[in-house]
Amino acid sequence: MRRGSNAQSRVAASKGVSFSQSPVLALRLPTWRSRFVLFVIFVAFAALAGRAVWLQGVSTQFLQKQGEIRYARTLELPATRGKIMDRHGQVLASSLPVKAIWAIPEDVLKAPAAKLVELARLLELSDADLRKKLNADRTFVYLKRQVEQDIVAQVEKLDIPGIHTRKEYKRYYPQGEVATHVVGFTNVEDVGQESMELAQQKTLVGQTGSRRVIKDRLGRIVEDIGSIKVPHDGQDLTLALDSKLQYIAFTQVREAVEKYNASAGGAVILDVQTGEILALANWPSYNPNDRRKLTGEQLRNRVLTDTFEPGSTLKPLTVALALESGRVRPETVYDVAGGRIQIGPNVMRDMHPKEPALTVAQIIQKSSNVGMAKIALPMPSQEMWEIFTKAGFGQQPKIGFPGAVAGRVRPYKSWRPIEQANMAIGHGISVSLIQLARSYMIYARDGDIIPLSFLKVTEPPQGTQVISPKTAAQMRAMLESVVGPGGTASRAQVPGYRIGGKTGTAEKLINGRYSKTNNIASFVGIAPMSKPRFIIAVMVDNPRGALRTGGSVAAPTAGLLAANALRAANVPPDSDVTDIIVPADPVEEAL
């Protein structure tokens, strides 16, 4: 059959019959089908054209942005943090250029094991810690921040793929532990964490800049597109601090704590004329350049944050009020025979009652509790409360310093007679050392008090009058007698200079009760008395041993501090007395 068909085809072809006209091969398609195929092709081309218009026209900005995300980067240009300097321009804090070491873990893990071991050693990491960082499910990880330049150079020599560096700054403090409670420190992000670094963060930090670059997948910059924002460095800060006086204060406090086997100590030096804080020292302290073993005890700025009962150092304020109101004169005599006074069911005593009667001036000189109670009790409690608040007690100091506390002065309406008597001798009230030091401005100046400042002052501040100049002069004479041979602060005498001040000893509250074995020894002094230049306040927390009172612990510490500070500041001597006389049995205030 097949042979017959083939034969017929050859015959047809030989006779000129067309192949397409063969009845066997003829194919007939419906007209709608061909049109449908043509329509589908047209729609496909239209869709492609629409997509092209969408991508090239409507979505251009979006797609370009997505592309930039994959290759363009905005780099932060760090601003240099401002320097902190003392009043004479000596640098207390500055920023040094360092680098951060960061990695692309996926690439770094391909490096030879020996190189990774060396990398861990250079970065002071254990092998386990390094691998823990690299095994994190992240495309970017910091290995170490603030790395010194010599270490960075050694890391770069390893030539490990995926290891990169970033410029940043590290804060350096030349004076270390000496001035750290004033200056403070910053964290790895260059943000202030303590003291002036924190208080003046906005001034010091400056404004970071930025620029746009194109990077390849390995993080290498292949093109610099341009700067977006120019960085502006932070402003330098000039403190009121005097580095020489700061070192003297720090050294004396540390030696006192060690000598008297105390828990802690603090000291502050104020400028009488400007209110500038020339020195502020604490012990224990810490090195801000190496804070790996920093403890809370070292961090505490006790001069500002710790409150305590001031004890006898507060007695002059009540006497000043009595003088100002005309109730007493310096020569007014009070009967203190027996060294005790009954106030309701309570008894108040003197430590070493020797005299049957004392003048007001002698009550301050000998620090008589009985005499103070007799001066205070006839006075309205409101008047005492008002002078306490005018002196700055019970209010947070306005010095722009983080952590400064207000202390506590209870409302006068609730005072009972025994409480009023206790207030007069510095009990039942809590203050910080800097508040106590500032209150002595009233006596050192002509009865007015001025604000304190951690920053260098360019114009003398305006004072607020608390007592008259006459009363202030009378108080200075009494305070000078305290530092003489017959006073409780005879150990605070300084050869060649007239010194005045007042000692204080107060038992500490332990679990709601006064402890006989834990106390605060304090002294606040003025130097020199002929033309007051400095107010020096010292506090020693919990001295252990035979010497525990303000007169035997804080006063000699303040005397040494004053002697060195006056000479360092080139203050001319105002006394011909060169031989210091300390009685064999000096007067002590009561514990």
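The model is predicted, and local features need pLDDT of at least 70, side-chain atom pairs count only at pLDDT 80 or more, and totals for chains, interfaces and linings use all residues. Residues are numbered from 1 along each chain as its sequence is written, and side-chain values use heavy atoms, with hydrogens and water left out.

**Asn282**

Asn282 sits in strand E10, residues 277-283; a strand is a DSSP run of at least two residues, a helix (H or I) one of at least four, and both are numbered from the N terminus. Asn282 is buried, at a relative accessible area of 1%, where buried means under 20% with a 1.4 Å probe and protein chains only. The residues that Asn282 touches (heavy atoms within 4.5 Å), leaving aside those up to four places away in sequence, include His181, Phe250, Asn301 and Arg302.

| Partner of Asn282 | Distance |
|---|---|
| Asn301, side chain (polar contact) | 2.9 Å |

**The largest pocket**

The lining of the largest pocket divides into 16 nonpolar, 12 polar and 17 charged residues. Here Asp, Glu, Lys and Arg count as charged, Ala, Val, Leu, Ile, Met, Phe, Trp, Tyr, Cys and Pro as nonpolar, and the others, Gly among them, as polar. E17 gives the largest share of this lining, 5 residues.

Definitions and conventions:
Buried < 20%, exposed > 50% of the residue type's maximum accessible area, 1.4 Å probe, protein only. Polar contact = N/O pair within 3.5 Å; in protein donor to acceptor, adjacent residues only side chain to side chain.
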